[in-house]
There are 4 protein chains.
Amino acid sequence: MDIGMIGLGKMGMNLVQNMRDHDIDVVAYDLNAAARTTVTEYGARAAASLKDLVAALAPPRTIWVMVPAGTPTEQTISTLAELLNPDDIVIDGGNSYYQDSRRRAAALTAQGIHFFDAGTSGGMAGARQNGNFMIGGEADVFPRIAPLFQAIAETDGYLYTGPAGSGHFLKMVHNGIEYGMMQAIGEGFEVLAKSGYDYDNAAVAKMWNHGSVIRSWLMELAQNAFSTDPELSAIKGVMHSSGEGAWTVEEAIRLHVPTPAISAALMARYRSEEPDAMTGKVVAALRNQFGGHAVDPQ
Amino acid sequence: MDIGMIGLGKMGMNLVQNMRDHDIDVVAYDLNAAARTTVTEYGARAAASLKDLVAALAPPRTIWVMVPAGTPTEQTISTLAELLNPDDIVIDGGNSYYQDSRRRAAALTAQGIHFFDAGTSGGMAGARQNGNFMIGGEADVFPRIAPLFQAIAETDGYLYTGPAGSGHFLKMVHNGIEYGMMQAIGEGFEVLAKSGYDYDNAAVAKMWNHGSVIRSWLMELAQNAFSTDPELSAIKGVMHSSGEGAWTVEEAIRLHVPTPAISAALMARYRSEEPDAMTGKVVAALRNQFGGHAVDPQ
Amino acid sequence: MDIGMIGLGKMGMNLVQNMRDHDIDVVAYDLNAAARTTVTEYGARAAASLKDLVAALAPPRTIWVMVPAGTPTEQTISTLAELLNPDDIVIDGGNSYYQDSRRRAAALTAQGIHFFDAGTSGGMAGARQNGNFMIGGEADVFPRIAPLFQAIAETDGYLYTGPAGSGHFLKMVHNGIEYGMMQAIGEGFEVLAKSGYDYDNAAVAKMWNHGSVIRSWLMELAQNAFSTDPELSAIKGVMHSSGEGAWTVEEAIRLHVPTPAISAALMARYRSEEPDAMTGKVVAALRNQFGGHAVDPQ
Amino acid sequence: MDIGMIGLGKMGMNLVQNMRDHDIDVVAYDLNAAARTTVTEYGARAAASLKDLVAALAPPRTIWVMVPAGTPTEQTISTLAELLNPDDIVIDGGNSYYQDSRRRAAALTAQGIHFFDAGTSGGMAGARQNGNFMIGGEADVFPRIAPLFQAIAETDGYLYTGPAGSGHFLKMVHNGIEYGMMQAIGEGFEVLAKSGYDYDNAAVAKMWNHGSVIRSWLMELAQNAFSTDPELSAIKGVMHSSGEGAWTVEEAIRLHVPTPAISAALMARYRSEEPDAMTGKVVAALRNQFGGHAVDPQ
């Protein structure tokens, strides 16, 4: 089996190593020359351009795109559409919006090129080995790429999910659940921090990971984080987001699905990005207006 | 009609003036000597102590307690219980917890003293004139104090609500609704502030107060606040709270009533009190653990 | 002043009467023939088609479109674009999505036609008299239509809000605030209903509307509703929605504005549309799995 | 090692078997005679009364109370207080409110009896083997009972958490996190159910449990539940609760910790208990009042 890998960032580089561990031949490309050099150390061949990458693979080809969602993915797939032949396969392993994946699938299919959207979970560690993949695309073509996922995924850790779009949709929902779980875990530790008891956060997380109802990989990661910095005092509580939690809520709105916990988690993220908030100013001003309650001056 | 007033803070002093406007004789007491002097300028008599205040009123007496909820109210009513006679009336006009009012009513009633819990709304302006009152206590005794409320309340602005506790319970829920309304208004103006449009907040609030569905006294107060400080840039968005929103949510929990919006408003208040939050640190640390996402250093 | 009115539904028909009260000549059109007849009883002229409506007005024309948002508005404005002349004015008084209004403004402006998006609040009663309007469009053209709003709006009840789109954006946020306010009011009355006290909902709402902090038009409407049906026992608690609350949350997401209360209100609406919910099934099943807690069978 | 076990319900009976597997002698009591018979089949001795149970153990005794929180626990521990000797140990393994545990610890300590609050997680399966325990009480007495937990807990699955109350406090927070996680998982599957894609819920849960970021025991339980009933069509989505999520939110309120996701999860549970809701009726009535929007009749 050989495969083309486009994008050698945190995820792509780990995936290449994962594939090489399973004797998959990889031709890799990245805009960054240093990354192209590094990848050869893992036993992959580097291509100097998308064109070279395509040329280095014998048709019918399988090409994995692992670049940031949005414009980079759009441009990469557009370029591939010009370079590839019918019956070639494009896998988008990034965090693309599922509607984009549907659109791209339709466009490529019109050219006879096959498209799969492969939502990828498990973080960098999962990309490196035992990853988790949810894959949408043509059912009758999927068997061609199943061995690839069989190799790089954890046992039982990949699923063919239905037509194109269904893989990225499922990954989006996965991340929505993740937002809710992470927020709940965070809230719990904040209650502990203010409880007046003197809990050892790392010890608590470790104990919870051994037999409790809330044992989970996220709690293991919490254990790791607290082991290094017991009160997380080195970092600020700013919760950035890359979009999939937001998409989940937008989709819930479209479908009229009540998602109060995931929405609350999303709103908490936005609140964390603000040092101060207009909402609070308005409420403080109103309290002052009707009740003479003191406001905090700037 | 004569009445004893205990507590000459923001609310009590305004209530005295309101009563004096309606030719109600007032004997007033406050721990603060300056307040006792001031109140005489409004035509009230000052008493030097609770004992003096009780002595200055002919039985059966009506005494209005307007001191902070909790210990001050508890101590005041306990002292009154020792000084008063059967058939005297105690009105708690403060923001007491309704269960405390039930307990106090039971204790006073055992002595033949009547107790009314009078939730008071309308802010300082309402205390000064045209106030709003929700009053629980003995139905057959209420007619004795109805003329008082007839005088100081806005027309139709008072209500006998049922047995003792029902007045403060209703005031508690009133404040819960207020929390939700204020938070919604605040959120709306924050969306405007970040919209990219250049709205004039005061003009918007003024226009909304003239014919829109959301016209309300709170929006009028927003108009006032924005008129003085168009972006509320002088104040911080810290939303303090004095407890009744919290009680509303606690009561909702007890009754299994879903109150997602009021709860969200309450949680937003607590979040505004924190410059940084442990929840955010945990989520940021987890994102870093699984995805290598950058954290914001302290 | 004369104006063309397209759409004679609940809002449009009331607006025509409002305009007629102020001696504004109206040429009106609706797909429904009966509505075209009715409108003549209010002193408007009926047009048999959009073409006839345009022909019946002398240029430069002012045409108010008051049809449902989405396809009906799109089609109406597209047709008008073919029929109108440069310097004519189109006012969209409906609940269009502000991005649609921006797009339509750009398209019409390219033809020299002026476009205003006039968010309309105050309900049917406001359409009938003393309405509330937030109007975006070209600043230098607005004076041509200001007298119209001066006539039909409540005093101080209209505002020029900025470029095209800003009117509908503001109306969207208005509705978002409305969602939060309504949900908070509803939650409060549900706490009352389950409190064990025997509150008279209509009396409570009436009292709150006379001097309390939460006095508002929405509370007046609650008073009306409870006066007719004291426990609202004739209706189901299904909260439909027409989209603007959803747009507010979507916009908040786009702008990273935390709107927890408005979001909670929106989610409560969706939940109310479900007789049963998959979320609940999953949680019930999980509780059963780990703790043997009983589930409710179908 | 020998131990007294009071309460042979779902949890207690499993704990007895767990202890017996580790050669711990157990004297057991339950109000229910059949349970007392059953327990002997697992190699425990049955006591006919609390008095007999105490008599059957040599001092200093260790007695585990595993009865429902509230009155049953209160009565059991009160009775034990009369029967036990100084230096005996009482372990409350139930879901008691942590403030009750603090109070009981103080009362027993005054008699020289030691009290430990042992929050127990892991469900029935964990009680049976490899349980999870968070234990508060006197630090210098804990070594006496550590071997017991070493035996019945999963490796690293128990933690001494600090003074009495800290164990049940931590278990309370554990359950709060659990509420948030479960709600997020439920919401995710509801989005899937309405997505228009045809996901196999059991297959999705299984795949997510093999390498994804959200892999967790709760997701494994979801996999189990969906394997039996793919759409959970046999059960209603009513989410009952036994109190600890509610306590977590109440504690968060007391500490001013924002817990929006856990609160949202709690409110969703209460909403699920209602076939219809007053909140919805109010909002529907208001929409009808201002906009003429149709209401759903009963």
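Start by selecting Lys194(D), which is partly exposed, with a relative accessible area of 33%. Keep in mind as you click around that this is a predicted model.

Now bring up its partner. The side chain of Lys194(D) meets that of Glu274(C) in a salt bridge, 2.3 Å from N to O. This pair crosses between chains: Glu274(C) sits in the loop between helix 12 (260-272) and helix 13 (278-291) of chain C, while Lys194(D) is in the loop between helix 8 (166-193) and helix 9 (201-208) of chain D. Glu274(C), at 8% relative accessible area, is buried.

Next, hop over to chain A and select Glu74(A), Asp92(A), Asp100(A), Arg103(A) and Arg104(A). Salt bridges with shared partners tie these residues into one network.

Then go to chain B and pick Arg104(B) together with Glu74(B). They form a salt bridge, with the closest N and O atoms 2.6 Å apart. Colour by helix here: Arg104(B) belongs to helix 5 (residues 98-110) of chain B and Glu74(B) to helix 4 (residues 71-83) of chain B, so the pair links distant parts of the chain, 30 residues apart. Buried or exposed, what is Arg104(B)? It is buried, at 5% relative accessible area. Glu74(B) counts as partly exposed, with 26% relative accessibility.

Stay on chain B for Asp25(B) and Arg20(B), whose side chains meet in a salt bridge at 3.8 Å, N to O. Asp25(B) is partly exposed at 41% relative accessible area, and Arg20(B) also counts as partly exposed, at 22% relative accessibility.

For the last stop, show helix 8 (residues 166-193) of chain B and helix 8 (residues 166-193) of chain C. Their axes lie 9 Å apart and the helices pack at an angle of about 165 degrees. Angles over 145 degrees count as roughly antiparallel, and so helix 8 of chain B and helix 8 of chain C are roughly antiparallel to each other. Helix 8 of chain B passes helix 8 of chain C in a right-handed crossing.

On the chain B side the contact includes Phe169(B), Ile177(B), Gly180(B), Met181(B) and Leu192(B); on the chain C side, Phe169(C), Val173(C), Ala184(C), Gly188(C) and Val191(C) are among the residues taking part.

Conventions:
Residues numbered from 1 in each chain as written. Chains lettered and ligands numbered in written order. Predicted model: local features only at pLDDT ≥ 70, side-chain atom pairs only at ≥ 80, totals over all residues. Heavy atoms only, no water. Axes fitted to C-alpha atoms, helices over the stretch in contact; angles between N-to-C directions. Helix = DSSP H or I, 4+ residues; strand = E, 2+ residues; numbered from the N terminus. Parallel < 35°, antiparallel > 145°, perpendicular 65-115°, else oblique. Left-handed = near helix turned anticlockwise from the far one by under 90°. Contact = heavy atoms within 4.5 Å. Salt bridge = Lys/Arg side-chain N within 4 Å of Asp/Glu carboxyl O. Buried < 20%, exposed > 50% of the residue type's maximum accessible area, 1.4 Å probe, protein only.
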